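Hello,

Here is the structure we discussed handing over. My notes follow below it.

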Amino acid sequence: MSRLSQSLKQEITLSWVSLMRLPGFCLTVILTLAITLAALIVVLNINYLVLTKPLPYPDANNLLVTDQSETIKDDTQYGYQLLPTQFHIYNDETYIDEMALIVSYGDRLRDIEGTPYIDGSRVSPEYFSLLGMPMHLGRHFNENEGLNDRQTVAVLSYHAWQQYFKADLDIVGKFTRVGNYNYQIVGVAAPEFQSPEIFGHFADEMWLSFPNEVSITSGWNSITSTVNGIAKLKSGVSIAQANQTLGQQIDKLYQSQEGVAADTSIGAQFVPLKEKIVGRSTSMALLLLAGVVTLLFIAVTNITNLFLSRAAQKQRTMAIQSALGANTKHLFVSMFSEAMILISLAWIVGLLAAGWVMVWLENDLQYMFPRMQQLQLDIATIAFSFVICVVVALVMAKLAIKQIDYFKLSSELQSSGKGVGAQISSLTRHILIATQVMLATFLLLGATSVLSPAIERILKPVGFNMENVDYLLVDYGTLDEGRFDVATQIKSALIALPEVEDAARTFASPLRMGWENYLFDKDNEMLGIVSVSFVDSNHFSVIDHTIMQGRGFSELNDPDNVPAEIIISNALAKRIYGEKSAVGEVLHVIQNTPLTVVGVVSDIYVPEGNQEYATERYYLPFEEGSRMGFSIKLKAPIDKKRLTSLLKDVNPNLSIAFQRSLHDQLQGRLRGTKLTAILTVCLISLALALAGAGIFGVLSYTVQMRRFELGIHLSLGAHTQQVIAMVLKQSLKPIVIGVIGAIGLATICYYGAAALYAYQFKVNLLAFSIALPVMLLIAIMACYLPIKNVVAADPIKALRNE
Amino acid sequence: MTQQSKIKLSNITKKFVTTDMETHALQGVDLEIFDGDYVSISGPSGCGKSTLLTILGLLDTPTSGQYIIAGENVSNLSVNQRASVRNKYIGFVFQSFNLIDELSVFDNIALPLRYSDTALSAKEIFEKVTRCLEKVQMTHRANHKPNQLSGGQQQRVAIARALVNDPAILLVDEPTGNLDSKNGDAVMQMLADLNASGTTICMVTHDPRYADMAKTKLHLLDGVMAEVLNMELAG
């Protein structure tokens, strides 16, 4: 064994024995670092997945998503596609090497007990080869199961195969009914396959072929975010070239359609697949990382203080070591051993805690970030966090040793110890305090800027009544015709129930905001793409949604004679008509099919991910369509069996597809926002606790070191309040410097983020007015508490350091 | 003429209690110090000399007994009242000087004035400090920091600080303990001169040579006043 490793082993043993005598010190260091490391490891993992980890597909860097742009009067929107234009791009052979056409699609598995709803996509066969889907069973779609082959074949995800098909090993070749079609299952994806989250942060459970024809001549009136494509360009073709040429081609096609509004155009806006998946999550992930790194700095500052105190405490031992021939390197190894033991233990505890947090948050994190299906303790993150620990240990040992004057160590042994001893310099103490305050205040400012909009979003009233209102979506099975009449019968049957106060037909829950459509003015001029809902004549009264002008829809009893009426939201009315009354005006949803505005309703504020509220909305009369939903105002809870039997009485094909209270639905929609708020509150609490404890620690140490000096002041007749005021005054200096530093740092970050990342922080005055006094109060309390005990005792105790 | 009593201790005891033992540092000590007196307290190590001095200086509280300074009973005062009495009546000189390193010589000496119940103007403070600096011949070092001074100089500054408030009594704890003999002699001479000019002094020392310089020699043994010798009468 080499001399160095022998000496290291001896130092580690010595450090271990010596640390065993200091359980409080050890516990404080381990807990402080473990909590911070746990947070750091989780956030590093999230960032690694979101920002760094390559996508698990072959040639992933060359995969693009074939997004389009839509320009209406110089206002360009992204993320809405037309099926025929995607089909055109799919067929291109000049720029596109290979492309998979994808339509997000979910429906019920009708032959599985409980007819569970399954999320999936209709895909062309290229989907499998482009993404290199590994198979557990069976095969990919073949070339005869392409877009216009009208085949009905399906590939299951491994999870769907296990959950809905009992992991049937003979599943390949069997049929299952999805919606109105029977699909033959041709394969099961391997468990490690992760579907690209281009339509949302959730995994596909099933991939289906296209049962109907896709063509360039139909589908021009439906622009949607649920159609897209993944493509690879031909070698030598740049994204800009493809966007330019294919964009012109699809716009030409678009302009050649009948009734295209003036001043509108479309284009190609291809984006790398990774950018599409990660999208807006980047800034949130980076913000979280910045928060946790700041927390780490606060924790390291705390630990630095503890280690400096420990070094001061060890001075006599070091003096003896020095007298026996130890050089500065030996003393460094001694401090490093102690630091490494404690930090390694903290790292292990932190890893365990991080693993637990990841399991605990896995489902919720999917509402905030993409790729969270793959969240686990990654080896890269584990290794990186360990490197951080080693660096922290090295820094601790170096700083601690720097405080010790090696050449004065020997005189330590000769001194009586009265009134002398190792001390952390006042400059170091002040730097420690100022750093703590600066980092904590900075974190507090940043976190409250995130927290207050989240809280505002959680507390914002939606604008209509949700109490005792359920939304019911009816699965009409194979019922092809007469669905309007069936919906009317269900409505009547529901109202007849004693538990029901009123019911209204609607395509979707009042909380569903995902449908957008064109809107044209009286001259067929495009007004934009606006959120739309199809509702009953009594819809607004069922949910107490205020009609500000005009009235609700006329009675809707005849599916062949739907009134040509439209109701618009206040925000939309203000944009189109200003202060003028909108009632009686004419609008178009389909050109040359005029609709009269019969009412203006108040704006509603339904949270939709991190997007702004879609206050501009219009409502159309409920008509026969693909969805049969009901808003039900209840007097008392309604039994599911009773509801099922009611539906069966109306028509044996009917069953409950979905039933949930609006309140629960809203909570589900706020899940991501709530998680943001909870994580921020945890971060703030942790930062304040660590900073408070850190400042207390430094000042406690300072007071301890200054007890003798304070004793002198007291012995000369200083009153307790004079001594307290003196110490507070001296301590306030680094605190104020810290607060000013934090404001400076926040300003730099504000302009830096705007300049480098085009990210705009929302400056929140409330955050400032709360964060600064809170930090000052904590800092002042942390100053006051350690002095209180010293001044309350007889001065001789301070002079004798008792 | 009847001498005026500056300090009077009656039946003072001090007990230190730990979990497993009780130590009686002082047992029924009676002591009276008069105006202009120069008292030395000596005795072997651990006999209670420093404890007695800290009680005299109101730095510590006796377990029992009565303590009167300038006619005022100070046995049961609050922390801040004791601070005021300490500031007004007592000047303390410590063995290890106890100067504050961050403050200049001038500011160290001015400290008691800044803690005084009577607010003084900057001019008054300057005059008083300068007078004390002159008394200990340290005017030329007014702007120095304590660590720039020799031990003897630091002790002279400490004496100046103790005198700045014109205290009723100067309590001196082993003033030569941290000094060489030359500086020790100089400091002792300074104390003798101060007493000659009317300052009442009570000094703890284990050095019989210096103890002999006092007018009254007290000897403590195991917390009990064993011997009182009036040197003037004895001489």
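Of the 802 residues in chain A, 43% are buried (20 or more other C-beta atoms within 10 Å of the residue's own, with C-beta atoms placed from the backbone; 12 or fewer is exposed, in between is partly exposed). This is a predicted model: local features need pLDDT of at least 70, side-chain atom pairs count only at pLDDT 80 or more, and totals for chains, interfaces and linings use all residues. Residues are numbered from 1 along each chain as its sequence is written, while chains are lettered from A and ligands numbered from 1 in the order in which they are written.

Chain A has 22 helices and 26 strands (DSSP runs numbered from the N terminus: H or I of at least four residues, E of at least two). Take its contacts between residues at least 6 apart in sequence: 82% join residues at least 24 apart. A contact means C-beta atoms, placed from the backbone, within 7 Å.

Next, the cores. The largest nonpolar core holds 172 residues (buried Ala, Val, Leu, Ile, Met, Phe, Trp, Tyr and Cys joined through C-beta atoms within 7 Å). Leu295(A), Val437(A) and Ala687(A) touch the most other members. Helix α19 of chain A (671-715) supplies the largest share, 17 residues. Beyond its neighbours within four places in sequence, Ala687(A) contacts Leu295(A), Ile298(A), Ala440(A), Leu443(A) and Leu444(A). A separate core of 59 residues includes Leu64(A) and Val155(A).

Now a sheet in chain A. Three strands form an open, antiparallel sheet in the order β3-β2-β14. Strands count as paired if DSSP finds at least two bridges between them. β3(A) (75-78) and β14(A) (264-268) are the edge strands; each has a single partner, so one side of each lacks a neighbour in the sheet. Neighbouring strands are turned by 20 degrees against each other on average, direction ignored. β2(A) (68-72) is joined to β3(A) by four bridges. Ile72(A) sits opposite Asp75(A).

In chain B, look at β6(B) (90-93). Both its faces are covered: Ile90(B) and Phe92(B) on one side, Gly91(B) and Val93(B) on the other, are all buried. β6(B) pairs in parallel with β7(B) (169-173) over four bridges. Ile90(B) faces Ile169(B) across that pairing.

Last, the A–B contact. Chain B gives 18 residues and chain A gives 17. On the chain B side, α2(B) (79-89) and α3(B) (105-114) each give two or more residues. α2(B) gives the most, six.

Best wishes

Note on methods: Contact = placed C-beta atoms within 7 Å. Axes fitted to C-alpha atoms, helices over the stretch in contact; angles between N-to-C directions.
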